[in-house]
Amino acid sequence: MKVTVFGIGYVGLVQAAVMAEVGHDVVCVDVDQNKVDKLKQGHIPIYEPGLTPLVKSNYEAGRVDFTTDAARGIAHGEVVFIAVGTPPDEDGSADLKYVLAVAKTIAEHMDSHKIIINKSTVPVGTADKVSAKVAETLESLGKNVTFDVVSNPEFLKEGAAVNDCMRPDRIIIGTESESAEKKLRELYSPFNRNHDKIIVMDIRSAELTKYAANCMLATKISFMNEMSNIAELMGADIENVRRGIGSDPRIGYQFIYPGCGYGGSCFPKDVQALVRSATGVGYSAKVLEAVEEVNYAQKEKLFEYIMRHFGGDVKGKTVAIWGLSFKPNTDDMREASSRVLMENLWKAGAKVKAYDPEAMEETQRIYGSRDDLDLVGTKESALNGADFLVICTEWQAFRAPDFELIKEKLSSPLIFDGRNLFEPNMMLEYGLHYYAIGRGL
Ligand code: UGA
(Lines give C-alpha, C1' and ligand atoms only; values in the text may rest on other atoms or scores of the structure.)
Protein backbone atom coordinates (compact mmCIF):
# COMPACT_ATOMS: atom_id res chain seq x y z
CA MET A 1 0.00 0.00 0.00
CA LYS A 2 1.21 3.52 -0.70
CA VAL A 3 1.66 5.35 2.57
CA THR A 4 2.77 8.87 3.42
CA VAL A 5 3.95 9.95 6.86
CA PHE A 6 4.16 13.61 7.84
CA GLY A 7 6.66 14.22 10.65
CA ILE A 8 9.87 12.21 11.01
CA GLY A 9 10.00 12.26 14.80
CA TYR A 10 9.94 9.23 17.06
CA VAL A 11 6.49 8.04 16.13
CA GLY A 12 6.64 8.90 12.44
CA LEU A 13 10.04 7.40 11.76
CA VAL A 14 9.48 4.15 13.63
CA GLN A 15 6.03 3.70 12.12
CA ALA A 16 7.37 4.41 8.63
CA ALA A 17 10.25 1.97 9.06
CA VAL A 18 8.11 -0.94 10.26
CA MET A 19 5.52 -0.34 7.55
CA ALA A 20 8.27 -0.37 4.92
CA GLU A 21 9.70 -3.52 6.47
CA VAL A 22 6.45 -5.43 5.88
CA GLY A 23 6.34 -4.24 2.27
CA HIS A 24 4.35 -1.02 2.21
CA ASP A 25 5.67 1.75 -0.03
CA VAL A 26 6.36 4.67 2.32
CA VAL A 27 7.29 8.32 1.77
CA CYS A 28 8.13 10.46 4.80
CA VAL A 29 7.76 14.22 4.67
CA ASP A 30 9.39 16.65 7.07
CA VAL A 31 10.06 20.39 6.95
CA ASP A 32 13.61 19.86 8.23
CA GLN A 33 15.88 19.53 5.16
CA ASN A 34 18.88 18.68 7.30
CA LYS A 35 17.04 15.77 8.92
CA VAL A 36 15.92 14.49 5.51
CA ASP A 37 19.47 14.68 4.09
CA LYS A 38 20.92 12.90 7.10
CA LEU A 39 18.34 10.13 6.96
CA LYS A 40 19.16 9.53 3.30
CA GLN A 41 22.80 9.14 4.32
CA GLY A 42 21.81 6.63 6.98
CA HIS A 43 22.12 8.95 10.00
CA ILE A 44 19.20 8.33 12.32
CA PRO A 45 18.42 11.37 14.47
CA ILE A 46 17.44 9.38 17.56
CA TYR A 47 18.91 6.46 19.46
CA GLU A 48 16.46 3.60 19.35
CA PRO A 49 17.52 -0.06 19.45
CA GLY A 50 17.13 -1.73 16.05
CA LEU A 51 16.00 1.37 14.23
CA THR A 52 19.16 2.27 12.30
CA PRO A 53 19.49 -1.02 10.37
CA LEU A 54 15.74 -1.07 9.76
CA VAL A 55 15.69 2.42 8.25
CA LYS A 56 18.88 1.88 6.25
CA SER A 57 17.88 -1.44 4.73
CA ASN A 58 14.41 -0.22 3.79
CA TYR A 59 15.77 2.99 2.31
CA GLU A 60 18.31 1.04 0.27
CA ALA A 61 15.57 -1.32 -0.89
CA GLY A 62 13.51 1.68 -2.02
CA ARG A 63 10.61 0.93 0.32
CA VAL A 64 10.96 4.14 2.30
CA ASP A 65 12.03 7.57 1.12
CA PHE A 66 12.44 10.95 2.81
CA THR A 67 11.56 14.33 1.38
CA THR A 68 10.62 17.90 2.23
CA ASP A 69 8.37 17.98 -0.82
CA ALA A 70 4.86 17.88 0.63
CA ALA A 71 3.22 17.81 -2.81
CA ARG A 72 5.15 14.67 -3.73
CA GLY A 73 4.26 13.05 -0.43
CA ILE A 74 0.57 13.78 -0.79
CA ALA A 75 0.46 12.59 -4.40
CA HIS A 76 2.07 9.34 -3.24
CA GLY A 77 -0.06 8.05 -0.36
CA GLU A 78 -3.61 6.79 -0.32
CA VAL A 79 -3.27 6.91 3.45
CA VAL A 80 -1.53 9.91 4.95
CA PHE A 81 -0.33 9.82 8.54
CA ILE A 82 0.01 12.96 10.61
CA ALA A 83 2.76 12.23 13.13
CA VAL A 84 4.06 15.71 13.89
CA GLY A 85 4.71 17.03 17.39
CA THR A 86 2.08 18.43 19.73
CA PRO A 87 4.24 20.33 22.23
CA PRO A 88 2.54 21.68 25.34
CA ASP A 89 1.70 25.34 25.01
CA GLU A 90 1.97 27.76 27.93
CA ASP A 91 -0.98 26.41 29.91
CA GLY A 92 -0.01 22.74 29.36
CA SER A 93 -2.61 21.98 26.69
CA ALA A 94 -1.41 20.33 23.49
CA ASP A 95 -0.50 22.83 20.80
CA LEU A 96 -2.11 21.74 17.53
CA LYS A 97 -0.47 24.24 15.21
CA TYR A 98 1.74 21.67 13.46
CA VAL A 99 -1.07 19.13 13.12
CA LEU A 100 -3.42 21.71 11.60
CA ALA A 101 -0.69 23.08 9.33
CA VAL A 102 -0.21 19.58 7.92
CA ALA A 103 -3.99 19.20 7.50
CA LYS A 104 -4.01 22.41 5.47
CA THR A 105 -1.05 21.29 3.36
CA ILE A 106 -2.72 17.95 2.64
CA ALA A 107 -5.87 19.73 1.45
CA GLU A 108 -3.85 22.09 -0.72
CA HIS A 109 -2.16 19.27 -2.61
CA MET A 110 -4.64 16.41 -2.68
CA ASP A 111 -6.34 15.53 -5.95
CA SER A 112 -7.88 12.21 -5.01
CA HIS A 113 -9.55 10.63 -1.95
CA LYS A 114 -7.22 10.43 1.05
CA ILE A 115 -7.48 8.73 4.39
CA ILE A 116 -5.86 11.09 6.86
CA ILE A 117 -4.69 9.33 10.00
CA ASN A 118 -3.99 11.19 13.23
CA LYS A 119 -1.09 9.32 14.79
CA SER A 120 0.15 12.13 17.03
CA THR A 121 -1.21 12.20 20.57
CA VAL A 122 -3.94 14.80 20.20
CA PRO A 123 -6.75 15.98 22.45
CA VAL A 124 -10.27 14.71 22.04
CA GLY A 125 -11.91 16.68 19.25
CA THR A 126 -8.77 17.09 17.15
CA ALA A 127 -10.00 14.82 14.35
CA ASP A 128 -12.97 17.17 14.01
CA LYS A 129 -10.60 20.13 13.82
CA VAL A 130 -8.48 18.37 11.20
CA SER A 131 -11.63 17.55 9.19
CA ALA A 132 -12.78 21.14 9.42
CA LYS A 133 -9.37 22.46 8.36
CA VAL A 134 -9.19 20.12 5.36
CA ALA A 135 -12.79 20.85 4.31
CA GLU A 136 -12.35 24.60 4.68
CA THR A 137 -9.11 24.58 2.67
CA LEU A 138 -10.61 22.42 -0.08
CA GLU A 139 -13.59 24.70 -0.27
CA SER A 140 -11.53 27.86 -0.47
CA LEU A 141 -9.60 26.29 -3.35
CA GLY A 142 -12.80 25.18 -5.05
CA LYS A 143 -11.71 21.53 -4.97
CA ASN A 144 -14.21 18.73 -4.93
CA VAL A 145 -12.26 15.88 -3.35
CA THR A 146 -13.39 13.52 -0.60
CA PHE A 147 -11.45 12.41 2.49
CA ASP A 148 -11.72 10.56 5.80
CA VAL A 149 -10.03 11.47 9.06
CA VAL A 150 -9.19 8.56 11.35
CA SER A 151 -7.79 8.54 14.89
CA ASN A 152 -5.16 5.82 15.23
CA PRO A 153 -3.06 6.55 18.32
CA GLU A 154 0.39 5.09 18.83
CA PHE A 155 1.40 3.19 21.97
CA LEU A 156 5.13 2.67 21.43
CA LYS A 157 7.63 3.00 24.26
CA GLU A 158 10.96 4.70 23.70
CA GLY A 159 13.72 2.14 23.89
CA ALA A 160 11.37 -0.60 22.68
CA ALA A 161 9.73 1.32 19.87
CA VAL A 162 10.54 -0.99 16.96
CA ASN A 163 9.29 -4.05 18.79
CA ASP A 164 6.18 -2.24 20.05
CA CYS A 165 5.32 -1.19 16.49
CA MET A 166 6.06 -4.60 15.00
CA ARG A 167 4.13 -6.45 17.70
CA PRO A 168 1.49 -4.06 19.02
CA ASP A 169 -0.74 -5.07 21.95
CA ARG A 170 -3.64 -3.34 20.27
CA ILE A 171 -4.38 -1.27 17.19
CA ILE A 172 -6.99 1.34 17.93
CA ILE A 173 -8.93 2.60 14.93
CA GLY A 174 -11.28 5.48 15.55
CA THR A 175 -13.58 5.90 12.58
CA GLU A 176 -17.20 5.73 11.56
CA SER A 177 -16.31 5.12 7.92
CA GLU A 178 -16.53 1.51 6.77
CA SER A 179 -14.23 2.08 3.80
CA ALA A 180 -11.58 3.73 6.00
CA GLU A 181 -11.82 0.86 8.48
CA LYS A 182 -11.36 -1.65 5.65
CA LYS A 183 -8.29 0.18 4.37
CA LEU A 184 -6.69 0.37 7.82
CA ARG A 185 -7.40 -3.29 8.46
CA GLU A 186 -5.51 -4.03 5.24
CA LEU A 187 -2.68 -1.65 6.16
CA TYR A 188 -2.23 -3.26 9.57
CA SER A 189 -2.87 -6.87 8.57
CA PRO A 190 0.88 -7.74 8.71
CA PHE A 191 0.89 -6.63 12.36
CA ASN A 192 -2.40 -8.26 13.25
CA ARG A 193 -1.44 -11.90 13.42
CA ASN A 194 -2.17 -14.64 16.01
CA HIS A 195 -5.27 -12.92 17.30
CA ASP A 196 -7.24 -9.83 16.28
CA LYS A 197 -5.66 -6.82 17.93
CA ILE A 198 -7.75 -4.28 16.06
CA ILE A 199 -10.30 -2.41 18.15
CA VAL A 200 -12.59 -0.17 16.14
CA MET A 201 -14.46 2.60 17.91
CA ASP A 202 -15.76 6.12 17.49
CA ILE A 203 -13.16 8.82 16.90
CA ARG A 204 -13.45 10.61 20.24
CA SER A 205 -13.12 7.42 22.23
CA ALA A 206 -10.00 6.53 20.26
CA GLU A 207 -8.52 9.92 21.01
CA LEU A 208 -9.29 9.60 24.71
CA THR A 209 -8.00 6.00 24.85
CA LYS A 210 -4.48 7.25 24.21
CA TYR A 211 -4.60 9.77 27.06
CA ALA A 212 -6.37 7.36 29.38
CA ALA A 213 -3.64 4.74 28.83
CA ASN A 214 -0.75 7.11 29.55
CA CYS A 215 -2.55 8.74 32.48
CA MET A 216 -3.32 5.34 34.01
CA LEU A 217 0.36 4.35 33.78
CA ALA A 218 1.49 7.69 35.20
CA THR A 219 -1.03 7.23 38.00
CA LYS A 220 0.42 3.82 38.88
CA ILE A 221 3.87 5.35 39.12
CA SER A 222 2.84 8.35 41.21
CA PHE A 223 0.78 6.08 43.44
CA MET A 224 3.83 3.91 44.07
CA ASN A 225 6.01 6.92 44.65
CA GLU A 226 3.52 8.16 47.19
CA MET A 227 3.53 4.71 48.85
CA SER A 228 7.33 4.83 48.93
CA ASN A 229 7.22 8.12 50.82
CA ILE A 230 4.74 6.67 53.28
CA ALA A 231 6.80 3.46 53.61
CA GLU A 232 9.90 5.50 54.32
CA LEU A 233 8.24 7.42 57.13
CA MET A 234 6.66 4.30 58.60
CA GLY A 235 9.79 2.19 58.52
CA ALA A 236 8.52 -0.20 55.82
CA ASP A 237 10.42 -1.28 52.69
CA ILE A 238 8.62 -0.33 49.47
CA GLU A 239 10.35 -3.13 47.55
CA ASN A 240 8.63 -5.70 49.76
CA VAL A 241 5.36 -3.83 49.41
CA ARG A 242 5.81 -3.74 45.61
CA ARG A 243 6.26 -7.51 45.45
CA GLY A 244 3.39 -7.97 47.86
CA ILE A 245 0.89 -6.02 45.81
CA GLY A 246 2.21 -6.92 42.34
CA SER A 247 1.38 -10.57 42.99
CA ASP A 248 -2.30 -9.64 42.85
CA PRO A 249 -3.11 -10.04 39.14
CA ARG A 250 -5.57 -7.18 39.38
CA ILE A 251 -2.64 -4.91 40.24
CA GLY A 252 0.21 -6.65 38.38
CA TYR A 253 3.95 -6.13 38.53
CA GLN A 254 4.26 -3.67 35.69
CA PHE A 255 4.69 0.06 36.18
CA ILE A 256 4.77 -0.10 39.95
CA TYR A 257 8.47 0.61 40.30
CA PRO A 258 9.05 3.52 42.63
CA GLY A 259 11.77 5.91 41.60
CA CYS A 260 12.88 9.51 41.24
CA GLY A 261 9.86 10.40 39.12
CA TYR A 262 8.65 9.74 35.60
CA GLY A 263 9.90 11.78 32.66
CA GLY A 264 9.94 11.61 28.90
CA SER A 265 7.99 13.32 26.21
CA CYS A 266 4.71 11.60 26.97
CA PHE A 267 3.58 11.13 30.57
CA PRO A 268 4.27 14.66 31.86
CA LYS A 269 2.81 16.26 28.73
CA ASP A 270 -0.21 13.98 28.43
CA VAL A 271 -1.23 14.18 32.09
CA GLN A 272 -1.06 17.96 31.89
CA ALA A 273 -2.92 18.09 28.60
CA LEU A 274 -5.78 15.90 29.86
CA VAL A 275 -6.07 18.01 33.03
CA ARG A 276 -6.32 21.12 30.82
CA SER A 277 -8.81 19.68 28.38
CA ALA A 278 -10.95 18.31 31.23
CA THR A 279 -10.96 21.82 32.71
CA GLY A 280 -12.06 23.04 29.29
CA VAL A 281 -15.21 20.92 29.50
CA GLY A 282 -15.90 22.02 33.08
CA TYR A 283 -14.36 19.07 34.93
CA SER A 284 -11.63 19.24 37.51
CA ALA A 285 -9.45 16.10 37.12
CA LYS A 286 -8.33 15.82 40.74
CA VAL A 287 -6.61 12.45 40.51
CA LEU A 288 -4.53 13.57 37.55
CA GLU A 289 -3.62 16.85 39.19
CA ALA A 290 -2.34 14.88 42.16
CA VAL A 291 -0.43 12.51 39.86
CA GLU A 292 1.40 15.47 38.40
CA GLU A 293 2.03 17.08 41.77
CA VAL A 294 3.42 13.87 43.29
CA ASN A 295 5.72 13.42 40.31
CA TYR A 296 6.96 16.97 40.52
CA ALA A 297 7.86 16.46 44.18
CA GLN A 298 9.40 13.05 43.49
CA LYS A 299 11.90 14.57 41.09
CA GLU A 300 13.20 16.64 44.01
CA LYS A 301 13.64 13.55 46.17
CA LEU A 302 17.29 12.73 45.46
CA PHE A 303 18.32 16.30 46.08
CA GLU A 304 16.39 16.29 49.35
CA TYR A 305 18.20 13.12 50.53
CA ILE A 306 21.52 14.67 49.58
CA MET A 307 20.82 17.95 51.37
CA ARG A 308 19.58 16.12 54.46
CA HIS A 309 22.68 13.98 54.53
CA PHE A 310 25.02 16.94 54.19
CA GLY A 311 23.12 19.22 56.57
CA GLY A 312 21.99 21.48 53.72
CA ASP A 313 25.41 22.30 52.33
CA VAL A 314 26.94 20.71 49.23
CA LYS A 315 28.90 23.74 48.08
CA GLY A 316 32.16 22.69 46.46
CA LYS A 317 31.24 18.98 46.36
CA THR A 318 31.71 16.94 43.20
CA VAL A 319 28.82 14.62 42.49
CA ALA A 320 29.16 11.55 40.25
CA ILE A 321 25.94 10.87 38.36
CA TRP A 322 25.21 7.62 36.54
CA GLY A 323 22.37 7.87 34.04
CA LEU A 324 21.03 11.05 32.51
CA SER A 325 18.32 9.95 30.07
CA PHE A 326 14.75 9.81 31.37
CA LYS A 327 14.89 6.01 31.18
CA PRO A 328 17.29 3.35 29.85
CA ASN A 329 17.82 2.59 26.15
CA THR A 330 17.21 6.09 24.94
CA ASP A 331 19.18 9.31 24.64
CA ASP A 332 16.06 11.32 25.40
CA MET A 333 16.52 13.89 28.16
CA ARG A 334 13.06 15.42 28.03
CA GLU A 335 11.69 15.89 31.56
CA ALA A 336 14.44 13.62 32.90
CA SER A 337 14.83 13.52 36.69
CA SER A 338 18.58 13.93 36.23
CA ARG A 339 17.97 17.46 34.99
CA VAL A 340 16.10 18.50 38.13
CA LEU A 341 18.89 17.02 40.22
CA MET A 342 21.74 18.61 38.27
CA GLU A 343 20.09 22.01 38.23
CA ASN A 344 19.50 21.81 41.99
CA LEU A 345 23.09 20.77 42.60
CA TRP A 346 24.45 23.60 40.49
CA LYS A 347 22.30 26.12 42.32
CA ALA A 348 23.67 24.77 45.59
CA GLY A 349 27.25 25.23 44.35
CA ALA A 350 28.14 21.58 43.61
CA LYS A 351 29.83 20.20 40.51
CA VAL A 352 28.56 17.29 38.43
CA LYS A 353 30.63 14.53 36.85
CA ALA A 354 28.25 12.49 34.75
CA TYR A 355 28.13 9.41 32.58
CA ASP A 356 25.32 8.02 30.46
CA PRO A 357 25.67 5.26 27.85
CA GLU A 358 23.73 7.26 25.21
CA ALA A 359 22.64 10.70 26.40
CA MET A 360 26.00 12.49 26.66
CA GLU A 361 25.67 14.42 23.41
CA GLU A 362 22.12 15.38 24.24
CA THR A 363 23.19 16.62 27.68
CA GLN A 364 25.97 18.63 26.08
CA ARG A 365 23.51 20.07 23.59
CA ILE A 366 21.11 21.13 26.36
CA TYR A 367 23.58 22.56 28.86
CA GLY A 368 26.53 23.50 26.65
CA SER A 369 29.97 23.80 28.20
CA ARG A 370 30.00 24.82 31.82
CA ASP A 371 32.59 24.60 34.55
CA ASP A 372 30.31 22.68 36.88
CA LEU A 373 29.51 19.92 34.38
CA ASP A 374 32.04 17.29 33.36
CA LEU A 375 30.74 14.63 30.97
CA VAL A 376 33.00 11.59 31.09
CA GLY A 377 33.36 8.47 28.96
CA THR A 378 32.84 5.65 31.48
CA LYS A 379 30.91 5.09 34.68
CA GLU A 380 34.19 4.42 36.50
CA SER A 381 35.76 7.71 35.43
CA ALA A 382 32.73 9.58 36.77
CA LEU A 383 33.88 8.43 40.21
CA ASN A 384 37.34 9.98 39.91
CA GLY A 385 37.57 12.88 42.33
CA ALA A 386 33.87 12.63 43.20
CA ASP A 387 32.52 12.89 46.73
CA PHE A 388 29.51 10.60 46.30
CA LEU A 389 27.47 8.80 43.64
CA VAL A 390 23.89 9.33 42.46
CA ILE A 391 22.04 6.97 40.12
CA CYS A 392 19.24 8.53 38.08
CA THR A 393 18.60 5.96 35.33
CA GLU A 394 18.54 2.17 35.60
CA TRP A 395 20.75 1.26 32.62
CA GLN A 396 21.63 -2.47 32.69
CA ALA A 397 25.33 -1.59 32.87
CA PHE A 398 24.80 -0.04 36.32
CA ARG A 399 23.23 -3.10 37.93
CA ALA A 400 26.37 -4.96 38.97
CA PRO A 401 29.13 -2.40 39.41
CA ASP A 402 32.43 -2.95 41.23
CA PHE A 403 31.39 -1.79 44.70
CA GLU A 404 34.95 -1.99 46.06
CA LEU A 405 36.03 0.43 43.35
CA ILE A 406 33.12 2.77 44.10
CA LYS A 407 34.09 2.79 47.77
CA GLU A 408 37.74 3.35 47.01
CA LYS A 409 37.19 6.22 44.60
CA LEU A 410 34.52 8.26 46.38
CA SER A 411 35.63 10.57 49.16
CA SER A 412 32.43 9.64 51.07
CA PRO A 413 31.32 6.01 50.60
CA LEU A 414 27.83 7.07 49.73
CA ILE A 415 25.28 6.17 47.03
CA PHE A 416 21.93 7.85 46.39
CA ASP A 417 19.96 5.49 44.18
CA GLY A 418 16.89 6.90 42.44
CA ARG A 419 16.02 3.53 40.88
CA ASN A 420 16.42 1.02 43.72
CA LEU A 421 19.01 -1.11 41.94
CA PHE A 422 20.74 -2.67 44.95
CA GLU A 423 19.91 -4.47 48.18
CA PRO A 424 20.47 -2.23 51.21
CA ASN A 425 21.96 -5.15 53.19
CA MET A 426 24.53 -5.81 50.53
CA MET A 427 25.50 -2.16 50.48
CA LEU A 428 25.97 -2.32 54.24
CA GLU A 429 28.30 -5.29 53.82
CA TYR A 430 30.37 -3.32 51.33
CA GLY A 431 30.56 -0.50 53.82
CA LEU A 432 28.61 1.84 51.58
CA HIS A 433 26.07 4.24 52.98
CA TYR A 434 23.05 3.69 50.75
CA TYR A 435 19.96 5.82 50.17
CA ALA A 436 17.23 4.36 47.96
CA ILE A 437 13.59 5.28 47.35
CA GLY A 438 11.20 4.16 50.07
CA ARG A 439 13.60 1.73 51.74
CA GLY A 440 14.14 3.39 55.08
CA LEU A 441 15.66 6.72 55.95
C1 UGA B 1 5.02 5.99 27.36
C2 UGA B 1 4.07 4.78 27.40
O3 UGA B 1 4.63 3.73 28.20
C4 UGA B 1 3.82 4.25 25.97
O5 UGA B 1 2.87 3.20 26.01
C6 UGA B 1 3.28 5.42 25.13
O7 UGA B 1 3.03 5.02 23.79
C8 UGA B 1 4.29 6.55 25.13
O9 UGA B 1 4.50 6.99 26.48
C10 UGA B 1 3.76 7.66 24.26
O11 UGA B 1 2.72 8.25 24.59
O12 UGA B 1 4.28 7.88 23.16
P13 UGA B 1 7.69 6.28 27.23
O14 UGA B 1 7.45 7.71 27.57
O15 UGA B 1 8.60 5.94 26.10
O16 UGA B 1 6.30 5.55 26.89
O17 UGA B 1 8.34 5.60 28.50
P18 UGA B 1 7.92 4.60 29.67
O19 UGA B 1 8.65 3.34 29.52
O20 UGA B 1 6.46 4.52 29.80
O21 UGA B 1 8.53 5.36 30.94
C22 UGA B 1 8.08 6.64 31.32
C23 UGA B 1 8.69 7.07 32.63
O24 UGA B 1 8.12 6.35 33.72
C25 UGA B 1 10.20 6.86 32.75
O26 UGA B 1 10.78 8.03 33.29
C27 UGA B 1 10.34 5.69 33.69
O28 UGA B 1 11.53 5.73 34.42
C29 UGA B 1 9.15 5.89 34.59
N30 UGA B 1 8.68 4.66 35.24
C31 UGA B 1 8.15 3.64 34.50
C32 UGA B 1 8.74 4.54 36.61
O33 UGA B 1 9.20 5.47 37.33
N34 UGA B 1 8.28 3.41 37.22
C35 UGA B 1 7.74 2.38 36.51
O36 UGA B 1 7.33 1.37 37.14
C37 UGA B 1 7.70 2.49 35.12
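## Annotated C-terminal domain

According to an unreviewed UniProt entry, residues 320-424 carry the annotation "domain: UDP-glucose/GDP-mannose dehydrogenase C-terminal". In the predicted model the end C-alpha atoms of residues 320-424 lie 20 Å apart, and the span is 26% helix and 18% strand.

## Packing of α1 and α3

Two packed helices are described by the angle between their axes and the distance between the axes. For helix α1 (residues 10-21) and helix α3 (residues 51-60), the angle is about 55° and the axes are 9 Å apart. The crossing of the two helices, α1 and α3, is left-handed.

On the α1 side the contact is made by Val14, Ala17, Ala20 and Glu21, and on the α3 side by Leu51, Leu54, Val55 and Asn58. Sorted by class, the residues of the contact of α1 with α3 comprise six nonpolar, one polar and one charged.

## Packing of α9 and α10

Helix α9 (residues 203-234) packs against helix α10 (residues 238-246) at an angle of about 135°, and their axes are 9 Å apart. This angle makes α9 oblique to α10, since only values over 145 degrees count as roughly antiparallel and only those from 65 to 115 as roughly perpendicular. The crossing of α9 and α10 is right-handed.

In this pair, Met224, Met227, Ser228 and Ala231 of α9 meet Ile238, Val241 and Arg242 of α10. The contact of α9 with α10 has five nonpolar residues, one polar residue and one charged residue.

Val22 sits in the loop between α1 and β2 (25-29). Val22 counts as partly exposed because it has 15 C-beta neighbours inside 10 Å, a count that lies between the limit of 12 or fewer for exposed residues and that of 20 or more for buried ones. Val22 and Pro190 are 168 residues apart in sequence, while their C-alpha atoms are 6.7 Å apart in space.

Ile366 belongs to helix α15 (residues 360-367). With 14 C-beta neighbours inside 10 Å, Ile366 also counts as partly exposed. From Ile366 to Lys301 the separation is 65 residues in sequence and 22 Å in space, C-alpha to C-alpha.

## Residues with positive phi

Most residues other than glycine have a negative phi. Asn194, a residue other than glycine, has a positive phi near 70°. Asn194 lies in the loop between α8 (178-188) and β8 (198-201), and it is exposed because 6 other C-beta atoms are within 10 Å.

Glu335 likewise has a positive phi, near 55°, in a residue other than glycine. Glu335 is found in the loop between β9 (318-322) and α14 (337-347). Glu335 has 19 other C-beta atoms within 10 Å and is therefore partly exposed, given that a residue is buried if the count is 20 or more.

Conventions:
Residues numbered from 1 in each chain as written. Predicted model: local features only at pLDDT ≥ 70, side-chain atom pairs only at ≥ 80, totals over all residues. UniProt positions renumbered as here; feature names shortened; annotations may be inferred. Helix = DSSP H or I, 4+ residues; strand = E, 2+ residues; numbered from the N terminus. Axes fitted to C-alpha atoms, helices over the stretch in contact; angles between N-to-C directions. Left-handed = near helix turned anticlockwise from the far one by under 90°. Contact = placed C-beta atoms within 7 Å. Nonpolar A, V, L, I, M, F, W, Y, C, P; charged D, E, K, R; others polar. Parallel < 35°, antiparallel > 145°, perpendicular 65-115°, else oblique.
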